[in-house]
Amino acid sequence: MADWSRRRFLQLAGLSGAASLNGCAGIVSKSNSKAHVVVVGGGFGGAIAAKTLRQLDAGIKVTLIEPKASYITCPGSNWLFAGLTNIKNLSVDYRALSADYGINLVSDSVTRVDAERRRVMVAGGEAIAYDRLVMAPGIDFRWDTLPGYGEASAQIFPHAWQAGPQTLLLQQQIQAMNDGGVVVISVPAEPYRCPPGPYERASMIAWWLKQHKPKSKIIILDAKRSFSKQKLFEAGWAKHFGCGTANSLIEWQSIADNPLVGLDAQTGTLTTDFGDKIRGQVLNIIPPQQAGRIARESGLTDASGWCPVEPQSGRSKFHETIHVIGDAAHYAPIPKSAFAANSEAKACALAVVALLNGRPLPEVHWLNTCYSLITPRHGISVAGVYKLDAERNIGMVKGAGGVSRLGDEQAAILEAGYAGGAYLSLVRDSFG
Amino acid sequence: MIRLVIAAIGLLAAGISLAEIETQAIALNCRNCHAADSSEIPTLTNLSAEQINRMLLDYKSDKLPATLMPRIAKGYSDEELKAVADYLGRR
């Protein structure tokens, strides 16, 4: 695995860790607002929201509530299956946010939001008052959508859709599998976190299998009829993994009209509506998703399970002083990605500062860029620029965005490098 | 390297206009990819406003080939790109 990309990636990771930045030097303005903004959730959205608020107005006190001392990023976690990274390289902490930006860190979990009295209760018993609350709770899974499958099943059939022990469990199962085994990846209907993620994952697993267990196969069972960057992925799979031949390492099947109806945990067999049985030595079941628990319990979700927001400010449609950003919120057509969460958080922070200082809300743009690796030297991307349309809904700016050029081999090599660079930049911007 | 960009973003600095804040709303997103000093993706701190503006316009019109930036630059008006370039180039 000592290829160019791995070396570059580790080099970059080292560089990222070594750099330091005195962010306080950058705070050039301070209002007399003395307002207190509480941010719940220390993922990409919550971290950059807290940091941007402090950068925009050092007069605002910002508290970030996050139970974990460190966070393992979902972006980049598929690269672990190809041996390009490890959990340590994917781990970030909150020390810079606290030390360099004066963010008050509370290492606890929120048990309840009292929207009427504008305070949050944490498990330790404290009640923390806020002027505005920014919720970035990420996703939870819907465990009850497949008979035979439940929360405990994830210890046997890992989702690995929140990076960490689940990622390692899936990797261990793949490494322990016999050559000739079948890995099944079950993909939910949209919306879910990271639309291209399952296909990058299949690519990274295939890359490893091709070298270590080449008789094996990956079957993707997809609740959708098509998927993000499909032509680019399929071209890459044809080029590298025999897609379209009898010996294809990756087989994609849409089961939109023939959905999964059950799991037999004893035999590792999935059954579809028409009675098809798909057995895998490794089952990577990615369940359907919803907004994180605290958002649901705080009355911020609608029937879809996600949080509707007024996009310009990120304000909840149900609570005027609560904003929701990131995967938990409904910002469609912006996809649920860490990059998009970062962009949503910045727009939200601008709005929060404007509201706290009695200024008009600015018009904002959102940006999403998402790189995927097909191999360590074959990268692809999708981008989108978004702003409010005439009806004040989020719309994709016409003529902009889109995916990489199909068949451009030089671009594919460049974009593999950019994938690593963009990841490190996003981590630095959000947590550094 | 990104300190210069960070130093840019005080919102309440004297005289800052709504238009300036809206430019900031665009420019903050540049940092998603251009915050780390990697050899893959350059930071913008060594470029002047004029250089950034020329590059953004050339990406937009496909005069300057690149993998991603032409797709992004097409999302903004020439005036927005100029304002972003001025904003980034000042810092």
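In this predicted model, A:Ser313 sits in the loop that links strand S19 (307-310) to strand S20 (315-316) of chain A. The relative accessible area of A:Ser313 is 0%, so this residue is buried. Leaving aside residues up to four places away in sequence, A:Ser313 touches A:His323, A:Cys348, A:Ala351 and A:Leu361.

The side chain of A:Lys336 reaches the backbone oxygen of A:Ala329 at 2.9 Å. With residues up to four places away in sequence again left out, A:Lys336 touches A:Pro191, A:Tyr192, A:Arg193, A:Cys194, A:Pro195, A:Trp306, A:Asp327 and A:Ala329. A:Val324 lies twelve residues from A:Lys336 along the chain, and their C-alpha atoms are separated by 13 Å.

| Residue | Loop of chain A | Relative accessible area |
|---|---|---|
| A:Ser313 | between S19 (307-310) and S20 (315-316) | 0% |

Elsewhere in chain A, strand S12 (residues 217-222) and strand S13 (residues 250-254) run parallel and are joined by five bridges. Within this pair, A:Ile220 stands opposite A:Trp252 of S13(A). Together with helix H6 (residues 230-241) of chain A, S12(A) and S13(A) make a β-α-β unit, which is right-handed.

Helix H9 of chain A covers residues 409-431. Its 23 residues should span 33 Å at 1.5 Å a residue, and the end C-alpha atoms are 33 Å apart, so the two values agree. Of the 23 residues of H9(A), 18 are buried, and the helix is therefore largely enclosed by the rest of the structure. At the start of H9(A), the backbone nitrogen of A:Gln410 has a side-chain oxygen of A:Asp408 within 3.4 Å.

Taken as a whole, chain A has nine helices and 26 strands. The radius of gyration of chain A is 22 Å, close to the 22 Å given by the globule rule for 432 residues, so the chain is as compact as a globular protein of that length. Along the principal axes, the C-alpha atoms of chain A fill a box of roughly 70 × 45 × 45 Å. Buried residues make up 62% of the 432 in chain A. Among contacts in chain A with a separation of 6 or more, 67% are between residues 24 or more positions apart.

Note on methods:
Residues are numbered from 1 along each chain as its sequence is written. Chains are lettered from A and ligands numbered from 1 in the order in which they are written. This is a predicted model: local features need pLDDT of at least 70, side-chain atom pairs count only at pLDDT 80 or more; totals for chains, interfaces and linings use all residues. Side-chain values use heavy atoms; hydrogens and water are left out. Two strands pair if DSSP finds at least two bridges between them. Helices (H or I, at least four residues) and strands (E, at least two) are DSSP runs, numbered from the N terminus. A crossover is right-handed if, with the strands pointing away from the viewer, the path from the first strand over the helix to the second runs clockwise. The expected span of a helix is 1.5 Å times one less than its number of residues. Buried means under 20% relative accessible area, exposed over 50%, partly exposed in between (1.4 Å probe, protein chains only). A polar contact is a pair of N or O atoms within 3.5 Å; within protein, one must be able to donate a hydrogen and the other to accept it, and residues adjacent in sequence count only if both atoms are side-chain atoms. The radius of gyration is taken over C-alpha atoms; the globule rule is 2.2 Å times the number of residues to the power 0.38. Contact means heavy atoms within 4.5 Å.
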